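Subject: Structure handover and notes

Dear colleague,

Please find the structure below, with the sequence alongside. My notes on what was found in it follow directly after.

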Amino acid sequence: MLSCRQEVLHLTDELVRIESVVNTKGEVTIANRLYQLIRSFSYFQENPSYLIQSRTDNDEIERYNILAFVKGTKEKSSKTVILMGHTDTVGVDDYGHLKDKACFPDQLMEALSDEELPELVKSHLDSSDWHFGRGVLDMKSGVASHLYLLKYYSDHPEELAGNLVLLAECDEEDSSHGVLSALKNLKQWKAEHQFDYVALINSDFVAPRFEGDTNRYIYKGTVGKLLPSFFITGAETHAGSCFEGLDPNYIAAELTSQISYNPELCDQSLGETPMPPVSLKQTDLKPAYTIQTALSAYVYFNFFIQSWSPKDVLAKLKKQAEIAFDRALTQLRERHQTYCKLSGQPYKELPWQSRVLVYEEMQKQLIQQHGEPFIEHMKTFKEQLLLDRTLDMRMFAAKVVEEEWNWMNDKSPAIILFYSSLYSPRIELTGKNEYEQNLLLALEEAVQSVQPYYPHPIVTKNYFPYVCDMSCVALSDNEEGIKAASVNNPGWGTKHYVDYQAIQELNVPAINIGPYGHDAHNRYERMELKYSTEMVPNITNEVICRLLGMGKREAGTSLPERTIAKS
């Protein structure tokens, strides 16, 4: 077994001490520190071109990826394994009065010992088996594990057959500018050094899937993520005559009730079930208070997929929106009738009808109705809208749809369905080619070799259950599915663009072997030390060795123990 606990922990703390919150200058600071650290390794002093600090493309802020590689000399081989991990974190405001200690684990743990804590958190804090702090779990200990392996093989390239690439990417917590920008670097290295990318090992965090779950999970692919969004128009009216109009907030509420937490919208595949969709935003678009009801509302949902395509999701959600709209109108009519009886007013049938359009359908109508003037107007509108840096891509998309709606000839109430953010593609690892078969076998053998040294079950599953940058290194979708994600995104080509062709060209099978812990993204974020600083580097190394031909064995023989370094 690899003896690496102290060194991985030391590297983790060094990275954690740099507050690298996504979309802040901290992302630059940590990239600079990583670059200086790797440059201090003797191997990279001798081979400076094997280390680069690369700025992200088409990014509104300054930030960088760090990429480095080691060429093995044990035997000449083009086989190359990529080790990937992100260096950004979520913010620290959730730590409240302790936020100045959030990035200093020892200080934080000492301060937490004086707090009233949940029982499980307190038991972990009182033990010597857990480590607290922003980023220790998500995912700087994973980056530290990769960095440890890079350092070892840079010191001992004679033990490495093939090549090892490290990609420490920024902006995983928001829009994946980091990994998407790094695709060009990986492509360039592939051409210059004849790298054959046989696998990518990500090291994002893993956690219990339910209370009492003792498994430590390794994932052979990842869920995809979409952000289906709904622009909802109504008919404005004075609140004192509310039945004379149609409140879009009322429709939005019914839509959220229909979609959020709905198990019918769980994309079951390979025996696994992702979380159902849930609303991430629900608002009307009134700029200020008036006594009138709103003209429009905006709702968007997190939506995980495993086998469905973006086109499939649009079809399913259009149906769900129609159900919600019909139910809202039926209930509205019933309430109107009841009110008329109570007030003694004559009842008059309400004129509203349900109407749901997919964005692509609305676009076709608008071009048919208005042609070139509409196209030119929207081009100029988007150019002007891009000048407002306060708008993220989601609100940018909403503003575009709102403006396009003003051009519609038929402005009767409607729901417009579109995508307003990055599509993170799903990845399936099923053994469909030799690369996948080799990775699956290497992973199976690696787990078998390490399991005897760890008391809890190490279990492989098919889909990483959270959003991660593995989605940007391979594609399981066909061209039709990807097209649905782009043509139905109002910000595509202006505020938002992804070169899916570049992902397809890399198309490397990916797995996730990451640190284990609890409460990522909240103030009690913590990792279990033994698994995170010992098992993760060991399993990762065993996979590397088998993929690169350094750990092959005959069927039926025992797996060898491998000691890489002593701390």
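The largest cavity is lined by Leu226, Leu227, Tyr419, Ser421, Leu422, Tyr423, Ala485, Asn489, Trp492, His496 and Tyr500; here a cavity is a set of points, on a 1 Å grid over the protein atoms alone, where a 1.4 Å probe fits but cannot get out, and lining residues have an atom within 4 Å of a point. The model is a predicted one, in which local features need pLDDT of at least 70 and side-chain atom pairs count only at pLDDT 80 or more, while totals for chains, interfaces and linings use all residues. Residues are numbered from 1 along each chain as its sequence is written, and side-chain values use heavy atoms, with hydrogens and water left out.

By class, the lining of the largest cavity has 8 nonpolar, 3 polar and no charged residues (Ala, Val, Leu, Ile, Met, Phe, Trp, Tyr, Cys and Pro count as nonpolar, Asp, Glu, Lys and Arg as charged, and the others, Gly among them, as polar). The space in the largest cavity is about 50 Å³, and the count comes to 1 cavity of 30 Å³ or more; a volume is the space filled by probe spheres set on the points, and grid points are joined across faces, edges and corners.

Ala485 of that lining also belongs to a helix contact, in which Pro310, Lys311 and Leu314 in helix 9 meet Glu480, Gly481, Ala484 and Ala485 in helix 14 (contact means heavy atoms within 4.5 Å; helices are DSSP runs of H or I, at least four residues, numbered from the N terminus). This contact of helix 9 with helix 14 has 4 nonpolar, 1 polar and 2 charged residues. Helix 9 (residues 310-343) and helix 14 (residues 479-487) pack at an angle of about 60°, with axes 7 Å apart, the axes being lines fitted to C-alpha atoms over the stretch in contact and the angles running from 0 to 180 degrees between N-to-C directions. Helix 9 and helix 14 are therefore oblique to each other (under 35 degrees counts as roughly parallel, over 145 as roughly antiparallel, 65 to 115 as roughly perpendicular and the rest as oblique).

Lastly, glutamate 534, found in helix 16 (residues 529-547), counts as buried at 16% relative accessibility (buried means under 20% relative accessible area, with a 1.4 Å probe and protein chains only). Leaving aside neighbours within four places in sequence, glutamate 534 is in contact with Cys4, Arg5 and Leu529.

Best wishes

Definitions and conventions. Helix = DSSP H or I, 4+ residues; strand = E, 2+ residues; numbered from the N terminus. 1 Å grid on protein atoms, 1.4 Å probe; cavity = no way out; pocket = protein on both sides within 12 Å on 5 of 7 lines; lining within 4 Å. Buried < 20%, exposed > 50% of the residue type's maximum accessible area, 1.4 Å probe, protein only.
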